[in-house]
Amino acid sequence: MVTTSEPPRFEISIGLIQHLDNALRCWQNLVGDQSDHDERISSDALTITEQKQFLRNVILDGRLILAMNSLEEIIGIATISIDQNMLDNSSSIWNISDVWVHHSYRRHGIATKLVEKCEKIAQSRGATEIRLHVYATNQPAAMMYGRLGYSTIVRTMSRKLY
């Protein structure tokens, strides 16, 4: 992947069905990274077929956003969706989730560009607000979202019961 200190060239675009297999590998890496922050998350929770079907639906809905390098390799992903709240069916609030960038490409503004593209797409589909979740233990992501103007509106707390 990246071997020089020169910033990588990349493009942000909406995922297409031909990206499915490569996007699946990225999504599996995302799940692996998330499991570092949440022990409930496991790549074994869904079969490969279920994972592929999930991503296929996201792609067909135009909700998978990709970062691709100059060799057309997927180096980052993100997804967007309407916030599903039973008390508000206005579809004006959207969620960004599954933001992931390959380890070799981090700290080059790729996640920022993925989030900005998600925001633009959601806004073009009627969003007036974007929300996202970030693990408290994922300080680099929390700091990036803060720099992009996101603020905490809900704090989820947890306690182990033994």
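This report describes the fold, the nonpolar cores and selected residues of a predicted protein model.

## Basis of the description

Because the model is predicted, local features are reported at a pLDDT of at least 70 and side-chain atom pairs at pLDDT 80 or more, while totals for chains, interfaces and linings use all residues. Residues are numbered from 1 along each chain as its sequence is written, and side-chain values use heavy atoms, with hydrogens and water left out.

## Overall architecture

The protein chain contains four helices and five strands. These elements are DSSP runs numbered from the N terminus, with helices (H or I) of at least four residues and strands (E) of at least two. Read from the N terminus, their order is β-α-α-β-β-β-α-β-α.

The radius of gyration, taken over C-alpha atoms, is compared with a globule rule of 2.2 Å times the number of residues to the power 0.38. For 162 residues a compact globule would have a value near 15 Å, and the 16 Å of the protein chain agrees with this. The C-alpha trace spans about 45 × 45 × 35 Å along its principal axes.

Contact means heavy atoms within 4.5 Å. Of the contacts between residues at least 6 apart in sequence, 66% join residues at least 24 apart.

## Surface and charge

Accessible areas come from the Shrake-Rupley method with a 1.4 Å probe, and for residues only the protein chains shown count as cover. The accessible surface of the protein chain is about 10,800 Å², and carbon and sulfur atoms account for 49% of it. Residues are classed as buried under 20% relative accessible area, exposed over 50% and partly exposed in between (1.4 Å probe, protein chains only). By this scheme, 34% of the 162 residues are buried.

Lys and Arg count as positive and Asp and Glu as negative, whereas His and the chain ends are not counted. The place of a charge is taken as NZ of Lys, CZ of Arg, CG of Asp or CD of Glu. There are 17 positive and 18 negative side chains, and the centres of the two sets lie 3 Å apart.

## Nonpolar cores

A nonpolar core is a set of buried Ala, Val, Leu, Ile, Met, Phe, Trp, Tyr and Cys residues joined through side-chain atoms within 4.5 Å. The largest such core has 23 residues, and those with the most contacts inside it are Ile-96, Ile-110, Leu-114, Tyr-145 and Tyr-150. At least two residues of this core come from each of strand 2 (64–69), strand 3 (74–82), strand 4 (93–101), helix 3 (110–124), strand 5 (129–132) and helix 4 (139–147). Helix 3 provides the largest share, seven residues. A second, separate core comprises 16 residues, among them Trp-27, Ile-74, Ile-77 and Trp-100.

Ile-96 illustrates the surroundings of a residue in the largest core. Beyond its neighbours within four places in sequence, Ile-96 contacts Thr-79, Ile-80, Val-115, Cys-118, Glu-119, Ile-130, Arg-131, Leu-132, His-133 and Tyr-150.

Ala-67, in strand 2, is buried at 0% relative accessibility. Not counting residues up to four places away in sequence, Ala-67 touches Glu-11, Ile-12, Glu-73, Ile-74, Ile-75, Gly-76, Ile-110 and Leu-114.

## Loop residues

Ala-127 lies in the loop between helix 3 and strand 5 and is buried at 11% relative accessibility. Apart from residues up to four places away in sequence, Ala-127 touches Ser-92, Trp-94 and Ala-122. Ser-92 belongs to the loop between strand 3 and strand 4 and is buried at 18%. Ala-45, by contrast, is in the loop between helix 1 (20–35) and helix 2 (48–60) and is exposed at 60% relative accessibility.

The table lists C-alpha separations for several residue pairs.

| Pair | Separation in sequence | C-alpha distance |
|---|---|---|
| Ala-127 and Trp-94 | 33 residues | 6.1 Å |
| Ser-92 and Ala-122 | 30 residues | 8.8 Å |
| Ala-67 and Arg-9 | 58 residues | 9.8 Å |
| Ala-45 and Val-99 | 54 residues | 19 Å |

## Backbone exceptions

Most residues other than glycine have a negative phi. Glu-72, which is not a glycine, has a positive phi of about 65 degrees. Glu-72 lies in the loop between strand 2 and strand 3 and is exposed, with a relative accessible area of 63%. Asp-98, also not a glycine, has a positive phi of about 55 degrees. Asp-98 is placed in strand 4 and is buried at 15% relative accessibility.
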